[in-house]
Amino acid sequence: MIKFCRKNAFICLLVSGLILMSVIDITLTYQAFDHTFTQIISMLMIVPPIFVLIGLFDVWVPRQTVIKMMGQNSGIKGMALAFFLGAFSAGPTIAAFPLAMVMLKKGARYQNVLFFLMVWSSLKLPIVFFQITQLGIGFASLINVTMFVVFVLGALVSEKVMGKKELAVFYEKARATE
Amino acid sequence: MSTEMIVIYGLAFVLTLVSFLKDPLKTKQGLKKGMKSFMKLMPVLLPLFLFIGILLTLITPEFISRFLGEDSGLLGYVFALSIGSITFMPPFVSFPLGKELLESGAAYPQVAGFLVTVMSVGLVYYVAESRFFSRKSAIYRNAVSFIGALIVIAVVMVVFA
């Protein structure tokens, strides 16, 4: 039991949380399961086509192309493409991780992949449009333009902070994934 | 069915068809690869969704609006940023909530800070993200997003002052 929990601390934490909730008020636990179920369903609805696209991307787009378009020397074009891919996406951020992994595996630059992830998380066009309808164009644009600038700088700085040595290990790990 | 779903299903369908016409074997390989990476995500996903389920139960919109409102001051900011970073909320819940918060008198910068962190800082995803990439990379992405939220708060303060 202790051994299991040391290895799967997260799961044990969740289970203890659920037990505690059941003690306080069992309806909370039911609600939590209900929410979990709805979230899983809504994810299962949107995620399968994303993985189909990831698979096709993997077999059809050659490594050379990715290196040229998003690799070390892709410059501003690489960032632009990363933005485009992130903005024209759908689905939760978690679905972006495997796609980002395939990009890295095929030789995309870390800075670009990180930027792609950041854009996916909050500057996806469908979400931006929804945001505008809810918050008004002024407030929404202010948020999004600021975040865009932050993400560009953040991606550039993160790669610098990461350091050459660590990046090399990182790329190696990405390439080793199947 | 939302537009984005129709588009993404359509795109996947058309591309699979084109791919199949060009090379059935390669297509099969691709679909298998996609399936594999989906399966790889699953074990991380299930506990994650349980966590999200618990969060959605405990941290409800009512709970948040109780703390973010008129005169909540500095504590309101701290609360907005921490709840936004920790919790998960689908966009179709978080943005209407943001609107509601504004209407009930919460300050614009607070709501902005909450919305930015809820979207981009995903501590919920931390385990999955560090497994896929690296711990450091996950920390960087979340840190950049969090700093972004602080900057957004400052910008909104200046503009909406």
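Predicted model: local features only at pLDDT ≥ 70, side-chain atom pairs only at ≥ 80, totals over all residues.
Student: Where do I start with chain A? How many helices and strands are there in chain A?

Tutor: Start with the secondary structure. Chain A has 10 helices and 0 strands. Along the sequence its pattern reads α-α-α-α-α-α-α-α-α-α.

Student: And how many helices and strands does chain B have?

Tutor: Chain B has 8 helices and 0 strands. Its pattern along the sequence is α-α-α-α-α-α-α-α.

Student: What are the radius of gyration and the box for chain B?

Tutor: Chain B has 20 Å, but a compact globule of 161 residues would have a radius of gyration near 15 Å. The box filled by the C-alpha atoms of chain B is roughly 65 × 35 × 30 Å, again along the principal axes.

Student: Which domains does the assignment give for chain A?

Tutor: Read the bounds, then the spacing of the centres. In chain A, domain 1 covers 1-47 and domain 2 covers 61-176. Their C-alpha centres lie 31 Å apart.

Student: And which domains does chain B have?

Tutor: Domain 1 of chain B is 1-41, and domain 2 is 59-159. Here 34 Å separate the two centres, taken over C-alpha atoms.

Student: How do I read a pair of packed helices?

Tutor: Two packed helices are described by the angle between their axes and the distance between the axes. Take H3 (residues 26-60) and H6 (residues 93-105) of chain A. Their axes come within 10 Å and cross at roughly 0°. An angle under 35 degrees counts as roughly parallel, so H3(A) is roughly parallel to H6(A).

Student: Which residues of H3(A) and H6(A) meet?

Tutor: From H3(A) come A:Val47, A:Ile50, A:Ile54, A:Phe57 and A:Asp58. They meet A:Ala95, A:Pro98, A:Leu99 and A:Val102 in H6(A). By class, this contact has 8 nonpolar, no polar and 1 charged residues.

Student: Now a pair in chain B. At what angle do the axes of H6(B) and H8(B) cross?

Tutor: They cross at roughly 160° and come within 8 Å. Over 145 degrees counts as roughly antiparallel, so H6(B) and H8(B) are roughly antiparallel to each other.

Student: Is the crossing of H6(B) and H8(B) left-handed or right-handed?

Tutor: The crossing is right-handed. Look at the residues on each side. H6(B) gives B:Tyr108, B:Pro109, B:Ala112, B:Gly113, B:Val116, B:Thr117 and B:Ser120. The residues of H8(B) in this contact include B:Phe146, B:Ala149, B:Val152 and B:Ile153. The contact of H6(B) with H8(B) divides into 10 nonpolar, 5 polar and no charged residues.

Student: Last, the interface. How many residues of chain B are in contact with chain A?

Tutor: Count each side, then ask which elements contribute. 60 residues of chain B are in contact with 56 residues of chain A. On chain B, the elements giving two or more residues are H1 (3-22), H2 (24-58), H5 (91-103), H6 (108-120), H7 (126-132) and H8 (135-159).

Student: Which element gives the most to that side of chain B?

Tutor: H2(B), with 20 residues.

Student: And how do the residues on that side divide by class?

Tutor: The side of chain B that touches chain A has 39 nonpolar, 14 polar and 7 charged residues.

Methods: Residues numbered from 1 in each chain as written. Chains lettered and ligands numbered in written order. Domains from an automatic or database assignment. Contact = placed C-beta atoms within 7 Å. Helix = DSSP H or I, 4+ residues; strand = E, 2+ residues; numbered from the N terminus. Nonpolar A, V, L, I, M, F, W, Y, C, P; charged D, E, K, R; others polar. Axes fitted to C-alpha atoms, helices over the stretch in contact; angles between N-to-C directions. Parallel < 35°, antiparallel > 145°, perpendicular 65-115°, else oblique. Left-handed = near helix turned anticlockwise from the far one by under 90°. Rg over C-alpha atoms; globule rule 2.2 N^0.38 Å.
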